[in-house]
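Subject: Structure handover

Hello,

Here is the structure I said I would pass on. Please open it before reading the notes, and keep it in view as you go through them.

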Amino acid sequence: MAKSNIRITKRVVGELKAGEKERFVWDSELIGFGVRVSPKGLITYVYQYFLEGGRAVSRSARTVRPGLPRQRGRKRPDLPV
């Protein structure tokens with residue numbers, strides 16, 4: 001699973017393409033906020049948080065519809081999948 005760290009913008013999300021494997025693109029400014037790209041091209045906003053020690057505790061997700069800006073994906077990252 002490839003990982004990258006970049007400032008997530010509407011343009012970046014619009015340019016994401018599917019690959020052979022699932023990958024995550026993490027926002028460079030908002031820790032724990034990112035975009036997951038499935039092999040079929042499904043784009044999902046994700047938010048995860050950590051406890052001390054760095055262990056991932058929870059990951060919430062929101063499926064992206066075409067034209068959905070990042071601000072809407074960030075609105076309620078606390079909702080379960």
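The model is predicted, so to speak of a local feature pLDDT must be at least 70 and side-chain atom pairs count only at pLDDT 80 or more, while totals for chains, interfaces and linings use all residues. Residues are numbered from 1 along each chain as its sequence is written, and side-chain values use heavy atoms, with hydrogens and water left out.

Core

The largest nonpolar core has nine residues: Ile8, Val13, Leu16, Val25, Phe33, Val35, Val37, Ile43 and Tyr45. A nonpolar core here is a set of buried Ala, Val, Leu, Ile, Met, Phe, Trp, Tyr and Cys residues joined through side-chain atoms within 4.5 Å. Buried means under 20% relative accessible area, exposed over 50%, and partly exposed in between, with a 1.4 Å probe and protein chains only. At least two residues of this core come from each of strands S3 (33-37) and S4 (43-50), and S3 gives the most, with three. Strands (E, at least two residues) are DSSP runs, numbered from the N terminus. Leaving aside residues up to four places away in sequence, Leu16 touches Arg23, Val25, Val35, Val37 and Ile43; contact means heavy atoms within 4.5 Å.

Strands

How do S3 and S4 pair, and over how many bridges? They are antiparallel, with five bridges; two strands pair if DSSP finds at least two bridges between them. Phe33 has Tyr47 in S4 as its bridge partner. S3 and S4 form a hairpin with five residues between them, and Gly41 in the turn has a positive phi of about 95 degrees.

Aromatic rings

There are two aromatic pairs. Rings of Phe, Tyr and Trp (its six-membered ring) pair if their centres lie within 6.5 Å; planes under 30 degrees apart count as stacked, over 60 as edge-to-face and the rest as tilted. Phe24 and Trp26 are stacked because their ring centres are 5.4 Å apart and their planes are at 5 degrees. Phe33 and Tyr45 are also stacked, at 5.7 Å centre to centre and 20 degrees between the planes. Phe33 lies in S3 and Tyr45 in S4, so this pair ties together parts that are 12 residues apart in sequence.

Loop

Ser38 lies in the loop between S3 and S4. Ser38 is buried, with a relative accessible area of 16%.

Regards

Technical notes. Helix = DSSP H or I, 4+ residues; strand = E, 2+ residues; numbered from the N terminus.
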